Amino acid sequence: MTETPKSLRLTIALVGRANVGKSTLLNRIAGQDVAIVSPQAGTTTDVVEKTMELLPFGPILWLDTGGWDDPTALGPARRARTDQAIARADLILAVAADDGQPPDPDLLALARETRKPLLIVVTQADRHPPSEAFLEALRETGAAILVADPGRDAFLNALKPALSRLLPRNAKAAPAPLDGIVP
């Protein structure tokens with residue numbers, strides 16, 4: 001996995017508003033403390049990269065981004081880094097929490113414009129279960145939705161089929177050694 005070039009790794013960008021749980025979700029997926037988490041908005045400033053093997057997909061490069069809605073002086077720079085991460089990604093994982101605000105419509109529009117698969121993951125459901133109105137608003141986006149289970153194994157077991165439905169077969173699969181040589 002460590003020798004797989006980045007160009008052959010499936011790349012997934014975690015994007016969303018500040019403090020919806022992007023970094024916490026990355027840490028849960030990785031099973032380790034990769035990104036700093038804090039109740040203070042704006043903790044993640046630069047894109048945090050984590051490579052890990054996720055069967056049956058192989059090596060995946062996860063990109064944890066800063067808050068999409070950062071109103072500070074650093075907001076435009078963070079947004080530019082997030083836009084770069086989205087451009088690199090094969091799939092956009094939009095992280096949302098039922099805190100009274102739906103995912104940013106500009107983010108959803110960008111996902112549609114780039115024609116990248118989009119999965120909305122609802123986090124913090126263990127502390128604030130999403131309301132039916134919130135889930136209905138997410139369904140209206142037309143995107144696939146996954147409510148994140150707080151347990152790592154349960155979440156990964158739910159994430160894998162969601163990714164399988166969204167990604168083309170053999171996404172970023174390395175070519176076989178004799179591809180193009182032997183019919």
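This is a short chat about a predicted model.

Visitor: What should I know about the model and its numbering?
Guide: It is predicted: local features need pLDDT of at least 70, side-chain atom pairs count only at pLDDT 80 or more, and totals for chains, interfaces and linings use all residues. Residues are numbered from 1 along each chain as its sequence is written, and side-chain values use heavy atoms, with hydrogens and water left out.

Visitor: In what order do the strands of the sheet run?
Guide: The order is S2-S3-S1-S4-S5-S6, in an open sheet of six strands with mixed pairing. Strands are DSSP runs of E, at least two residues; helices are runs of H or I, at least four. Two strands pair if DSSP finds at least two bridges between them.

Visitor: Which strands are at the edges?
Guide: S2 (48–54) and S6 (144–147). Each pairs on one side only.

Visitor: How many bridges join S2 and S3?
Guide: Seven, in the antiparallel sense. One partner pair is Glu49 and Leu63, the latter in S3.

Visitor: New topic. Is H1 buried or exposed?
Guide: H1 covers residues 22–30, and eight of its nine residues are buried, so it is largely enclosed by the rest of the structure. Buried means under 20% relative accessible area, exposed over 50%, partly exposed in between (1.4 Å probe, protein chains only).

Visitor: What follows H1?
Guide: Gly31, with a positive phi near 75°.

Visitor: And where does Thr65 lie?
Guide: In the loop between S3 and helix H2 (75–88). Thr65 is buried, at 0% relative accessible area.
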